[in-house]
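Here is a short tour of a model for anyone who likes to think in contacts, cavities and torsions. Have the viewer open and follow along.

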Amino acid sequence: MSRLLELAGLFLRLGTTAFGGPAAHIAMMEDEVVRRLQWLTREEFLDLLGATNLIPGPNSTELAIHIGHHRAGWAGLLVAGSCFILPATLIVGVIAWAYVRFGSLPQAEGLLYGVKPVIIAVVIQALWGLGRTAFKNIGLAVLGLVAIGLNFFGVNELVVLFGSGILVAASRAVTQWHNATSAPRPPLLTVVPGFPLLPVAGAAGVATVTIPFKLGSLFLFFAKVGSVLFGSGYVLLAFLRADLVERRHWLTEAQLLDAIAVGQFTPGPVFTTATFIGYVLGGASGAAVATAGIFLPAFCFVAVSGPLVPRLRKSAVAGAFLDGVNVASLALMAVVTWRLGTATVVDGFTAWLALAAALLLFRWRINSAWLVLIGAGLGYLAFLVQI
């Protein structure tokens, strides 16, 4: 019971303070469960992160569920995931109520102006710590750089992840075969050029008939999204626009963009966009149904894949596959961080805030949740001065 209470307290707090999207959430989780609480080693955390990136759904939520399962079994799986989702769901629900009542979104530019630079520093700290564990040799370090380049220039995330894993696993298998048949040889680690791009779901056609709104249909739609969606919030936008705006005609373009904006500027999982849409379409019942639909697959995927992770690590070849996936996962985080940084550090104040946060994190290991709150306050004050 004490472990469940610890999980509930941690993930309720993270669900309330974790701004900035999946990369930031993962960084804050690493800070808590590896550095401070020491529930996991860095290698165990990396393995769970790698497993999370291989399944569809909200990555940071699935990582929370993995951590809960590792810490307290099946009950921990449910407690950690639910507590990470709950604060964001309630916050988004209140915003959706105000949106339906008053017809507009609250202004949050000032808060985000100070929060985002802090988040960049938090993610960089996590990348530094995890990278020292993941890059076990020169070959993996080179693979990480190649993965960064491939993703930066548009190669699909799944191709980078699975390609890296398969490459390192094949190298390990070849090495074992050579060791068994002849004198030992160094592992071969060459990058296979020309990875094919995977198709990204989008609108193949536009229906002209409006589909009647029903709660059951809403649940099934979001369950489908949660079961098949890989990628960023922009991929989520493509799914929602194709189905809810163009085919079903349940939302307008403006309502969809407002829903995406709410998911971006509130803490916790970005997938709580579903909560907002559900409330706009069907009130509190619609919000509950949509939220359950989009997050339920994540619990199911982790329940199936979670117990397999320790077994994979015991196998030399499967463990090598995880090593490759872990390196690629950090490469994807690095690319996201670079893109967020270029959009976030836009003036002297944001640059100063990012550097100050990095100094506090690396030198004195200040709790990242406190830094987020301080950044929000400073950003709001700076925003008021600019006005």
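Phe11 touches Met29, Ala64, Ile67, Ala80, Cys83 and Phe84, leaving aside residues up to four places away in sequence. Since this is a predicted model, please read every value here as computed from predicted coordinates. Phe11 also belongs to the largest nonpolar core, a set of 92 residues. Together with Met29, Phe45, Ile67, Phe222 and Leu240, Phe11 is among those that touch the most other members. Helix α4 gives the most to this core, with 13 residues. Apart from it lies another core, of 12 residues, including Ala147, Val155, Val160 and Ala169. As background, nonpolar side chains in soluble globular proteins tend to be buried together.

Now for the chain as a whole. The protein chain has 15 helices and zero strands. Of its 387 residues, 50% are buried. If you take the contacts between residues at least 6 apart in sequence, 74% join residues at least 24 apart. The chain exposes about 17500 Å², and carbon and sulfur atoms supply 70% of that area.

Next, the empty space. Rolling a probe the size of a water molecule over the atoms shows where empty space is left. A search of the whole structure finds two cavities of 30 Å³ or more.

| Site | Volume | Lining by class |
|---|---|---|
| Second largest pocket | about 230 Å³ | four nonpolar, four polar and four charged residues |
| Second largest cavity | about 40 Å³ | two nonpolar, one polar and four charged residues |

Which helix gives the most to the lining of the second largest pocket? Helix α3 does, with four residues. Helices α3 (42-53), α4 (59-102) and α12 (308-314) each supply at least two residues of that lining. Among the residues around the pocket are Glu43, Glu44, Asp47 and Leu48, along with His66, His69 and His70. Gly306, Pro307, Val309, Pro310 and Arg313 line the pocket as well.

The second largest cavity is lined by Glu43, Leu46, Ala134, Lys136, Arg313, Asp323 and Asn326. Helices α3 and α13 each supply at least two residues of the cavity lining.

Helix α13 (residues 316-344) is also the place of Thr337. Is Thr337 buried or exposed? Thr337 counts as buried because its relative accessible area is 7%, which is under the 20% cut-off. Leaving out residues up to four places away in sequence, Thr337 touches Ile120, Val123, Ile124 and Leu127.

Most residues other than glycine have a negative phi. Gln38, however, has a positive phi of about 55° although it is not a glycine. Gln38 is found in the loop between α2 (22-36) and α3, and it is exposed, with a relative accessible area of 62%. His249 likewise has a positive phi, near 60°, in a residue other than glycine. His249 lies in the loop between α9 (233-247) and α10 (253-265). With a relative accessible area of 34%, His249 is partly exposed.

How values were computed:
Residues numbered from 1 in each chain as written. Predicted model: local features only at pLDDT ≥ 70, side-chain atom pairs only at ≥ 80, totals over all residues. Heavy atoms only, no water. Buried < 20%, exposed > 50% of the residue type's maximum accessible area, 1.4 Å probe, protein only. Contact = heavy atoms within 4.5 Å. 1 Å grid on protein atoms, 1.4 Å probe; cavity = no way out; pocket = protein on both sides within 12 Å on 5 of 7 lines; lining within 4 Å. Points joined across faces, edges and corners; volume = space filled by probe spheres on them. Nonpolar A, V, L, I, M, F, W, Y, C, P; charged D, E, K, R; others polar. Core = buried A, V, L, I, M, F, W, Y, C linked by side-chain atoms within 4.5 Å. Areas by Shrake-Rupley, 256 points an atom, 1.4 Å probe, with all protein chains shown as cover.
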